[in-house]
Amino acid sequence: MSLAGSLFGKSKLYAEHVKVYPQRIWGRFRKLKWTTLAVLLGIYYLVPWIRWDRGPNVPDQAVLIDMGGRRAYFLWIEIWPQEVYYLTGLLILGAFGLFFATSLLGRVWCGFTCPQTVWTDLFMQVERWIEGDRNARMKLDQQGFSLGKASRKMAKHAVWLLIALATGGAWAMYFDDAPTLLRRFFTGDASQLQYIFVALFTATTYVLAGWAREQVCIYMCPWPRFQAAMFDEHSLLVTYETWRGEPRAHLKRETAAIAASGEKAGDCIDCGLCVRVCPTGIDIRNGQQLACIGCGLCIDACNSVMEKIGRPLELITYDALSAQADRAAGRPPKRRLVRPRTIIYAVAILLVGVGMLASLSLRSRLDISLLADRSPLFVRLKDGGIQNAYTLKILNMQQKSGEFSIDVRGIDGLEMKLIGTETGHILVTPDAVGTFRLLLQVPKGAAPAGSTPISVTVKNLATGEESLHDAIFNAPAL
Ligand code: SF4
Ligand code: SF4
């Protein structure tokens with residue numbers, strides 16, 4: 001059909017959305033999904049409430065991104081804004097972890113740990129509790145308006161909204177002290193921005209997990225599009241053993257017809273349970289599909305059927321395509337977990353992880369910034385000497401006061417004056433930035449015309465830690 005035909009109503013550009021009503025199923029993958037869900041949601045909702053004593057005048061929340069104080073706290077680790085590369089390192093580590101897991105276990109992220117999957121699972125369970133399992137829900141949706149239907153729908157949406165609100169609220173708690181924010185939120189004293197963010201996250205959770213569900217995975221998420229690059233024939237995927245299941249036969253009549261043609265009916269009895277339990281509504285017997293999130297619920301479903309009819313389990317199974325090909329050909333299945341791509345990802349994880357750990361344990365708790373005055377660049381003193389002025393900032397990243405000394409080198413006869421101290425020793429309070437005016441003077445004729453490189457070293461007198469900063473001293477032509 002042409003585009004014009006589509007636009008003028010002869011056909012639609014997009015397929016109609018068919019609502020999916022996943023059926024309840026129990027089995028080892030469902031159990032694994034519930035366990036993962038409980039652990040992940042537990043971590044997400046509870047972590048902001050964990051306290052961590054860092055001493056006076058410092059937040060005692062174990063995990064906190066303090067935007068106002070310009071700090072991020074992760075247990076004993078405190079990240080300053082100029083150390084944001086650690087967060088970048090974490091993201092890189094996460095990305096390699098995801099590549100590694102995908103190359104080994106296929107779409108394990110999508111099926112078990114992705115927030116979209118976790119919250120959708122939770123919302124579906126609420127739906128099941130209130131509206132019943134698949135058939136009951138389908139029947140309810142087909143019914144006309146009734147008070148019973150309206151009250152069930154309202155109860156479901158109310159619980160969904162409550163969960164969404166808790167999710168949005170928990171997110172905001174990672175950016176502010178959790179108990180304080182909770183109190184302020186309900187007394188109307190939270191900031192406008194906090195209300196906006198909580199509303200935004202509440203709405204996003206409600207819409208994505210309640211309404212959009214599998215459509216996020218199929219149409220919105222970019223990950224399924226490029227994760228195929230991480231698979232190969234040795235990655236574990238949810239697969240249907242076509243060689244064993246086909247030709248499928250639903251009824252005795254069909255089985256007899258197959259037998260009459262000289263063939264033997266396959267193990268699949270075409271009951272459709274694997275399709276009915278699928279959260280994305282697909283049929284895994286049609287082969288690998290982008291919409292398959294690898295949740296394994298069809299395996300649980302099919303195993304329950306095979307158990308009932310007394311046939312071998314794992315007609316739908318979690319296996320490598322190479323092992324499947326071996327089985328189909330009657331060879332013992334071979335799996336290769338260690339492959340070039342898994343080695344590359346593992347080495348990358350190791351390198352980034354060790355690099356981050358080493359850098360974290362060796363990082364300096366002292367940093368300086370030095371900004372030269374631009375206007376004027378220099379001042380000619382009464383005796384003909386030249387003076388440059390700078391703003392010096394000393395970042396004392398320790399949880400105790402620090403006493404510092406300053407040493408400037410680069411020009412013979414260079415003298416230093418620090419506004420506010422005679423000794424050259426300066427104090428900076430814990431976990432703070434000390435700001436000082438630094439005046440550098442050279443006698444007449446000592447500095448060459450133009451820009452001369454100099455170096456400023458700040459030393460913590462208690463720990464001996466040093467921070468060096470290169471700078472420029474400006475002087476006019478004689
Ligand atoms: S086909 Fe199976 S593994 Fe894939 S999404 Fe559906 S139920 Fe989950
Ligand atoms: S659950 Fe198993 S037997 Fe039933 S249709 Fe799916 S593959 Fe066939």
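Guide: Buried means under 20% relative accessible area, exposed means over 50%, and partly exposed lies in between (1.4 Å probe, protein chains only). This is a predicted model, where local features need pLDDT of at least 70, side-chain atom pairs count only at pLDDT 80 or more, and totals for chains, interfaces and linings use all residues. Residues are numbered from 1 along each chain as its sequence is written, chains are lettered from A and ligands numbered from 1 in the order in which they are written, and side-chain values use heavy atoms, without hydrogens and water.

Visitor: How many aromatic pairs are there?
Guide: Rings of Phe, Tyr and Trp (its six-membered ring) pair if their centres lie within 6.5 Å. Planes under 30 degrees apart count as stacked, over 60 as edge-to-face, and the rest as tilted. Under this rule the number of aromatic pairs is 19.

Visitor: What is the angle between the planes of Phe29 and Phe112?
Guide: Phe29 and Phe112 form an aromatic pair with 6.5 Å centre to centre. The pair is tilted, and the angle between the planes is 45°.

Visitor: Which helices hold Phe29 and Phe112?
Guide: Helices (H or I, at least four residues) and strands (E, at least two) are DSSP runs, numbered from the N terminus. The two residues are 83 apart, and the pair links distant parts of the chain. Phe29 is in helix H2 (residues 28-46), and Phe112 is in helix H4 (residues 108-113).

Visitor: Which helices does the pair of Tyr44 and Trp119 link?
Guide: Tyr44 and Trp119 are 75 residues apart, in distant parts of the chain. Both are buried. Tyr44 sits in helix H2, and Trp119 sits in helix H5 (residues 115-131).

Visitor: Which residues do ring pairs link into a cluster?
Guide: Tyr44 and Trp119 are among them.

Visitor: Over the face of which ring does Lys33 lie?
Guide: A charge sits over a ring if NZ of Lys or CZ of Arg is within 6 Å of the ring centre and within 35 degrees of the ring normal. Arg30 lies over the face of Trp34, at 3.9 Å from the ring centre. Lys33, at 5.6 Å from the ring centre, lies over the face of Phe112.

Visitor: How many charged residues are in the shell around ligand 2?
Guide: A residue is near a molecule or strand if one of its heavy atoms lies within 4 Å of it. The residues around ligand 2 include Tyr240, Asp270 and Arg285. Ala, Val, Leu, Ile, Met, Phe, Trp, Tyr, Cys and Pro count as nonpolar, Asp, Glu, Lys and Arg as charged, and the others, Gly among them, as polar. The shell has 8 nonpolar and 1 polar, and its charged residues number 2.

Visitor: How many nonpolar residues does the shell around ligand 1 have?
Guide: Among the residues around ligand 1 are Val238, Pro279, Thr280 and Cys298. The shell has 3 polar and no charged residues; its nonpolar count is 9.

Visitor: How far apart are the end C-alpha atoms of helix H9 (residues 192-212)?
Guide: The expected span of a helix is 1.5 Å times one less than its number of residues. H9 has 21 residues, so the span should be 30 Å. The computed distance agrees, at 28 Å.

Visitor: Which helices do the buried residues of H9 pack against?
Guide: Contact means heavy atoms within 4.5 Å. The buried residues of H9 include Val198, Tyr206 and Ala209. They pack against H5, helix H7 (147-173), helix H8 (178-187) and helix H10 (214-220).

Visitor: Is Arg213 buried or exposed?
Guide: Arg213 is found in the loop between H9 and H10. Its phi is positive, near 40°, in a residue other than glycine. At 5% relative accessibility, Arg213 counts as buried.

Visitor: What is the phi of Leu75?
Guide: Most residues other than glycine have a negative phi. Leu75 lies in the loop between strand S2 (71-74) and strand S3 (77-79). It is not a glycine, yet its phi is positive, at about 50°.

Visitor: Which residue does a cis peptide bond join to Glu246?
Guide: Most peptide bonds are trans. In this bond, omega is about -5°. The partner of Glu246 is Pro247.
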